[in-house]
Amino acid sequence: MIDELAIGESTVQDACGDVVLPRMGVIEQRWETDPIPPEDVAAEAAEAVAALEFRDVPAGGEVAVGVGSRGIDNLPEIVRGVVDALEDRGYDPFVVPAMGSHGGATAAGQRDKLETLGVTEASIGCAIRATMDVVQVGETPDRGVPVYADAYAVEADAIVPINRIKPHTGFSGDVESGLSKMLVIGMGKQRGAKLAHDWAVEWSLSNMIPEIADQLLRTLPVAGGVAVVEDQHDDTTLVEGVPPEGFLTREADLLDLARERMPTLPFDELDVLVVDRLGKDVSGQGMDPNVTGRRHFTINEPEPDSPEIKRVFARGLTEKTKGNAMGMGQADVAHRDVLAELDWSKSLINAITASTVRGVRLPPVVETDRAGLVAALGTIGPVPGEDARVLRVTDTMRLKRCYASSPLVDAARDRADLRVVSEPAPLEFDDGQFVAPSPE
């Protein structure tokens, strides 16, 4: 199947003609950051819990701690800090997977997803209760949309979601990815997530999430949330307890902070972007549209203003994505490794739930890196290969170091925020594959 779909080098070369490959060097972005030392993260998480009030929660009361499927830095330590703090206050915490349809929309798959992220009963010191069962807890006042929540969370005496605050991949609003979205979509499991994304086609998540989150906060015993902000290196830079009344206000402030500290590409105009790996642990859309500038898989949501990239070549999937290839639809060309590693079932379930089936469209598949680069360069217009603006990155989270073509290296010399690490040199291949490893 893979061999039948992957296009060989000779075919690509014949179609594109005499394409000159660029010389590539290495550049580095200079960021000023102030991360929390890893050994202090659990204590910071415990302090975040101390900032929350647990009204009407009896001694020994059960607290459902919501944990998602994102690749959050220090996630096991953060969860452990929250669990320890809750136990110190005399409560009985347990973790519920709050990840919508991820993990193949099965309880076992969601438990496995948490384990992949290092969140196990042994590592966090409490039980994990995974189910896809939900309870309808209300409906929106204007449209009458049913509102669902995880069955275990509904039965608890209190609920505390943990999530990273960051710009969302599919829409822009006052609150995007964070605590409110976890309540609405993560804890809504597959049924709630699917319903929310169905309505988002005409209502927009930017309008829906605040309204449904408000409904959930009125109905469920949410004691507050633990918000996490990361810096450009994806290191933990802030852990803060947010009370229920701050989900739609303080979260908006933290979103502004997260946007300032989000890693971006060092250039706004590229001919070719090579992305070594995509995955759900990198971004909800595999490759973050806030980085690639490509949001054409959504409905009724505008594209980001920048960057402008003519062609994207995707080379593979992360191990932690477990075959979920959401986001490959952003690519113009894909390496055969993407096809070999993807799980069609997980990818399709995720795409259907999120109403973004275009996000898992399979682009043309090539056998080798050289074929992929030639195909990309051969379709950017009358730009000589040696003049092409080409950037190769590990993924859309890890952008400190990048391979860059000669024109970009020359441009970097005149910028204080960039440093040239190595001068451009001819690309090296082994049986058509890049010899140089990912630039991280």
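## Helix packing, cavities and a salt bridge

Helices α9 and α10 pack with their axes 8 Å apart, at an angle of about 130 degrees. The model is predicted, so local features need pLDDT of at least 70 and side-chain atom pairs count only at pLDDT 80 or more, while totals for chains, interfaces and linings use all residues. Residues are numbered from 1 along each chain as its sequence is written, and side-chain values use heavy atoms, with hydrogens and water left out.

Helices (H or I, at least four residues) and strands (E, at least two) are DSSP runs numbered from the N terminus. Axes are lines fitted to C-alpha atoms, for helices over the stretch in contact, and angles run from 0 to 180 degrees between N-to-C directions. Angles under 35 degrees count as roughly parallel, over 145 as roughly antiparallel, 65 to 115 as roughly perpendicular and the rest as oblique. α9 and α10 are therefore oblique to each other. In this pair, A196, H197, W199, A200 and W203 of α9 meet L205, N207, M208 and E211 of α10, where contact means heavy atoms within 4.5 Å. By class, this contact has six nonpolar, two polar and one charged residues. Here Ala, Val, Leu, Ile, Met, Phe, Trp, Tyr, Cys and Pro count as nonpolar, Asp, Glu, Lys and Arg as charged, and the others, Gly among them, as polar.

Helix α10 (residues 205-219) also meets helix α8 (residues 179-186): their axes come within 9 Å and cross at roughly 80 degrees. That makes α8 roughly perpendicular to α10. From α8 the contact takes S180, K181, L183, V184 and I185, and from α10 it takes L205, I209, I212, A213, L216 and L217. These residues divide into nine nonpolar, one polar and one charged.

The next topic is space inside the protein. On a 1 Å grid over the protein atoms alone, a cavity is a set of points where a 1.4 Å probe fits but cannot get out, a pocket is an open set with protein on both sides within 12 Å along at least five of seven lines, and lining residues have an atom within 4 Å of a point. Grid points are joined across faces, edges and corners, and a volume is the space filled by probe spheres set on the points. By this rule there are four cavities of 30 Å³ or more.

| Space | Volume | Lining by class |
|---|---|---|
| Largest cavity | about 610 Å³ | 13 nonpolar, 21 polar, six charged |
| Second largest cavity | about 170 Å³ | eight nonpolar, two polar, seven charged |
| Largest pocket | about 370 Å³ | seven nonpolar, four polar, twelve charged |

Of the 40 residues that line the largest cavity, R70, H168, K181, I185 and H197 lie nearest its centre. The elements giving two or more residues to this lining are β7 (158-164), α8, α9 (189-203) and α14 (344-353). The second largest cavity is lined by 17 residues, and K166, E230, D234, M262 and P263 are the closest to its centre. For the largest pocket, H233, D234, R277, M397 and R398 are the closest to the centre among 23 lining residues.

A salt bridge is a side-chain nitrogen of Lys or Arg within 4 Å of a carboxyl oxygen of Asp or Glu, and the count comes to 26 salt bridges. One of them joins R111 and E121, with the closest N and O atoms 3.6 Å apart. R111 is in helix α5 (residues 107-116) and E121 is in helix α6 (residues 121-124), ten residues apart.
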